[in-house]
Amino acid sequence: MLVDIVPVGDLPAEVKRKASAGLRTVYDCEVTVHESQPIPSGAFDANRNQYRAEDFIELASRVGSGEKNIAVTAKDLFYRKRNYVFGLAYLDGNGSVVSTYRLQTSSDGGFSERDADEIFGDRVRKEIVHEIGHTLGLEHCDNNRCVMNFSPTVREVDVKEETLCGSCQRQVL
Ligand SMILES: [Zn+2]
Ligand SMILES: [Zn+2]
C-alpha cells in the first residue's frame, strides 16, 4: 500500500517527517510526501473562523497519488455540528485529513514528563495513524489504549498508544 501525505498550506517539515514515520511504524506501507497544496478555496467558513474538513479530504483524494491519501494542515477544522475535529476520514475511503491546530496545546495535564515537542509529535502520529485506520475500514475501538479509540480531546489522545490493539490489527494487517 502507498500512502501519500498531502501538506495543505504551511506545514513544518518536522510534522511531515513525524507523519511518515508514524504510518511506516504501524502499517505495512510506503509513504510519499506530496508537493504542498494551497488551502482549498471555499473551505473557510467566516462565521466559524474555521475550515471545512470535507474540503481537505476531497483535495487529498483528488491530488494524492496513493491508494490512501491524507491531507495534513495546521488550519483549524470543523465537521458539521462538531466544534472542531483533529481529523476526519470516511470509512473505506481513499482520502482523509488531520489538523495539527488543536494538538499543539502544550500541557498534557501532567500525564507524562515529556516535553511539549515530543507530546505534540506523538499526537500527530497517533491522529494520522487513526485516520488512515478509518480509510482501511476500522471503526472506533473501545480499548482506550488503542489508536482507534475515539479521542475528542487531547487528553484521550495522550492516553492512547500509537499502535493498533490486537483486535484492530487482525482486521487490517
Ligand atoms: Zn475516528
Ligand atoms: Zn483497537
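1. Two residues are in contact here if their C-beta atoms, placed from the backbone, lie within 7 Å. The model is predicted. With that cut-off, and leaving aside neighbours within four places in sequence, Ile70 is in contact with Val3, Ile5, Val6, Ala60, Ser96, Val97, Val98, Ile128, Glu131 and Ile132.

2. Ile70 also belongs to the largest nonpolar core, which has 44 residues. Ile70 is among those with the most contacts inside this core, together with Phe56, Ala71, Val72 and Val97. At least two core residues come from each of β1 (2-8), α1 (13-26), α2 (53-63), β5 (68-73), β8 (87-89), β9 (95-99), α3 and α4 (154-159). Helix α3 gives the most, with six residues. As background, nonpolar side chains in soluble globular proteins tend to be buried together.

3. The sheet is open and has five strands in the order β2-β1-β5-β9-β8, with mixed pairing. β2 (30-33) and β8 stand at the edges; each has a single partner strand, so one side of each lacks a neighbour in the sheet. From one strand to the next the twist averages 20°.

4. β1 and β2 run parallel and are joined by four bridges. Asp4 stands opposite Thr32 in β2. Helix α3 packs on the sheet, where it touches β1, β5, β8 and β9. The direction of α3 makes about 160° with that of β9.

5. UniProt, in an unreviewed entry, lists Glu131 under "active site". Glu131 lies in helix α3 (residues 116-135). Is Glu131 buried or exposed? A residue counts as buried if 20 or more other C-beta atoms lie within 10 Å of its own. Glu131 has 25 other C-beta atoms within 10 Å and is therefore buried. Its contacts, apart from neighbours within four places in sequence, are Ile70, Gly87, Ala89, Ser96 and Val98.

6. The "binding site" annotation, from an unreviewed UniProt entry, covers His130, His134 and His140. His130 is in helix α3, and His134 is in helix α3 too. His130 counts as buried because 29 C-beta neighbours lie inside 10 Å. His134 is buried as well, with 20 other C-beta atoms within 10 Å.

7. The contacts of these two histidines, again without residues up to four places away in sequence, can be listed as follows. His130 touches Gly87, Val147 and Met148. His134 is in contact with Ala89, Leu91 and Ser96.

Conventions:
Residues numbered from 1 in each chain as written. Chains lettered and ligands numbered in written order. Predicted model: local features only at pLDDT ≥ 70, side-chain atom pairs only at ≥ 80, totals over all residues. UniProt positions renumbered as here; feature names shortened; annotations may be inferred. Buried ≥ 20, exposed ≤ 12 C-beta atoms within 10 Å, placed from the backbone. Core = buried A, V, L, I, M, F, W, Y, C linked by C-beta atoms within 7 Å. Pairing = 2+ DSSP bridges. Axes fitted to C-alpha atoms, helices over the stretch in contact; angles between N-to-C directions.
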